[in-house]
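Subject: Structure handover

Hello,

Here is the structure for you to take over. Please open it first, then read my notes below.

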Amino acid sequence: MRRELIESYIKELRDSFGPARLPVKTDKLASMHAEENYLGMVRHVQQLLRLDLKVKLLLVNSGGPVAPAWLRAPGDLPIYGTPRFREVTVEVYLRKSFLKETTYEQATLAIAHELCHVVLYSVKHRLQEVEEAVDLTSMLLGFREIWLAGCSLTVTKSPPWYRRLFTEDQVIIKGYGYLTRDEVAFASEYMAQLK
């Protein structure tokens, strides 16, 4: 486990965003996922992250990177909170096959991860391109409990974008994200202690 690295990222992110926020309430996200209201999920996560810019959701069958979700944002994203920032449009892409096969927690994590890229880009954060730091940002900004619930899933068959860990009788699939289950648990506990 990368304890020292995770601790250093969390400390740096806390310096930028303050202490860990209270965990987000999940009923609304679970309900929207059950209704396949993915735009509603994106809007709700956007609101929870306090991102007052335009977000366009594109559900895709093919194309793009080998990933369940990705983001397109202008390279010169204006600073958070400025009038120019509010006028920018970013695009969140979600694969339909991912949404069909996943839990609401994993769909939420994918959305929160992509929108946390915007959070980090908009403050020109040094860690904006470090995927593990993007996951930690979403944990710090209220999605810790969802990470704990959605960071792994046991299945017997999986799409190519999941990382696989093999056991004798099953395949443990690491869900969305760049941290292991142990790292997610460690980061969550560490953030809680730093109040």
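Axes here are lines fitted to C-alpha atoms, for helices over the stretch in contact, and angles run from 0 to 180 degrees between N-to-C directions. Helices (H or I, at least four residues) and strands (E, at least two) are DSSP runs, numbered from the N terminus.

The model is predicted: local features need pLDDT of at least 70, side-chain atom pairs count only at pLDDT 80 or more, and totals for chains, interfaces and linings use all residues. Residues are numbered from 1 along each chain as its sequence is written, and side-chain values use heavy atoms, with hydrogens and water left out.

Helix 6 and helix 7

Helix 6 (residues 104-122) packs on helix 7 at an angle of about 150°, and their axes are 8 Å apart. The two are therefore roughly antiparallel. (Angles under 35 degrees count as roughly parallel, over 145 as roughly antiparallel, 65 to 115 as roughly perpendicular and the rest as oblique.) Their crossing is right-handed. (A crossing is right-handed if the near helix is turned clockwise from the far one by less than a right angle, left-handed if anticlockwise.) Contact means heavy atoms within 4.5 Å. Helix 6 contributes residues including Leu-109, Ala-112 and Cys-116, and helix 7 contributes residues including Val-134, Leu-141 and Trp-147. The contact residues divide into 12 nonpolar, seven polar and three charged. (Ala, Val, Leu, Ile, Met, Phe, Trp, Tyr, Cys and Pro count as nonpolar, Asp, Glu, Lys and Arg as charged, and the others, Gly among them, as polar.)

Helix 1 and its partners

Helix 1 (residues 3-17) also packs with helix 7 (residues 131-150), at about 55° and with axes 10 Å apart. That makes helix 1 oblique to helix 7. This crossing is right-handed. Among the residues in contact are Tyr-9 and Leu-13 of helix 1 and Leu-136 and Leu-140 of helix 7. Nine residues of this contact are nonpolar, one is polar and two are charged.

Helix 8 (residues 181-193) is another partner: its axis and that of helix 1 come within 10 Å and cross at roughly 45°. Helix 1 is thus oblique to helix 8. The crossing is right-handed. Arg-3, Ile-6, Glu-7, Ile-10 and Lys-11 in helix 1 meet Glu-183, Phe-186, Ala-187, Tyr-190 and Met-191 in helix 8. Six of these residues are nonpolar, none polar and four charged.

Aromatic pairs

Rings of Phe, Tyr and Trp (its six-membered ring) pair if their centres lie within 6.5 Å; planes under 30 degrees apart count as stacked, over 60 as edge-to-face and the rest as tilted. The count is three pairs. Trp-70 and Tyr-93 have ring centres 5.1 Å apart and planes at 5°, so they are stacked. Trp-70 lies in strand 2 (residues 69-72) and Tyr-93 in strand 3 (residues 89-95), 23 residues apart.

Confidence

pLDDT is the predictor's confidence in each residue, from 0 to 100. The chain's mean is 88, and 87% of its residues reach 70 or more. Helix 3 (residues 38-48) is highest at 98, and strand 5 (residues 163-166) lowest at a mean of 45. Values stay under 50 over residues 161-174. Where pLDDT is low, the predicted coordinates should not be read in detail.

Best regards
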